[in-house]
Amino acid sequence: MSKRVQLSNLVEAIEIGVLSVTMAKCETKISMDITDVNQIELEKFIESIGLLNKTIFGDSIDLFYEFTKANIINIKCEIRNIYMEEYFYVECSFKNGISSEEVNAKFRETIFDRMDKKLAV
């Protein structure tokens, strides 16, 4: 079952070292007969989502995640218009000692949770 994650939570999880990106690819469907699949350089993907997160459009993109195997999480993003469909698939692993519950809690974090942490410090 897929759950939604905000881009800012994904970026923060990568930046603080909870997750590491192990694979990223883009699948573009132009018609029923034409599909193009391209691997994305991991550094370029991480840099791109970091830059996108700094814009006003950062959290307007729907990202969905699903735990698949031990320490592996899959993330999917869809962008569609009348001319084409584009899908981004990302596989991340989480560090040893970090549980899927901790990753899930990080992904479900809201602005109010962040404010509570800042006030507690």
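Analyst: The protein exposes about 8,100 Å², and carbon and sulfur atoms supply 56% of it; accessible areas here come from the Shrake-Rupley method with a 1.4 Å probe, and for residues only the protein chains shown count as cover. This is a predicted model, in which local features need pLDDT of at least 70 and side-chain atom pairs count only at pLDDT 80 or more, while totals for chains, interfaces and linings use all residues. Residues are numbered from 1 along each chain as its sequence is written, and side-chain values use heavy atoms, with hydrogens and water left out.

Now the cysteines. A disulfide is a pair of cysteine sulfur atoms within 2.5 Å, and by this rule the count is zero. For Cys-26, the closest cysteine sulfur is in Cys-77, and at 9.5 Å it is too far for a bond. Cys-92 is in no disulfide either; its nearest cysteine sulfur, again that of Cys-77, is 13 Å away.

Both Cys-26 and Cys-92 are buried (under 20% relative accessible area; exposed is over 50%, partly exposed in between, with a 1.4 Å probe and protein chains only). The relative accessible area is 8% for Cys-26 and 0% for Cys-92. Of the 121 residues of the protein, 30% count as buried.

As for the fold around them, the protein has four helices and six strands, which run β-α-β-β-α-β-β-β-α-α from the N terminus. Helices (H or I, at least four residues) and strands (E, at least two) are DSSP runs, numbered from the N terminus.
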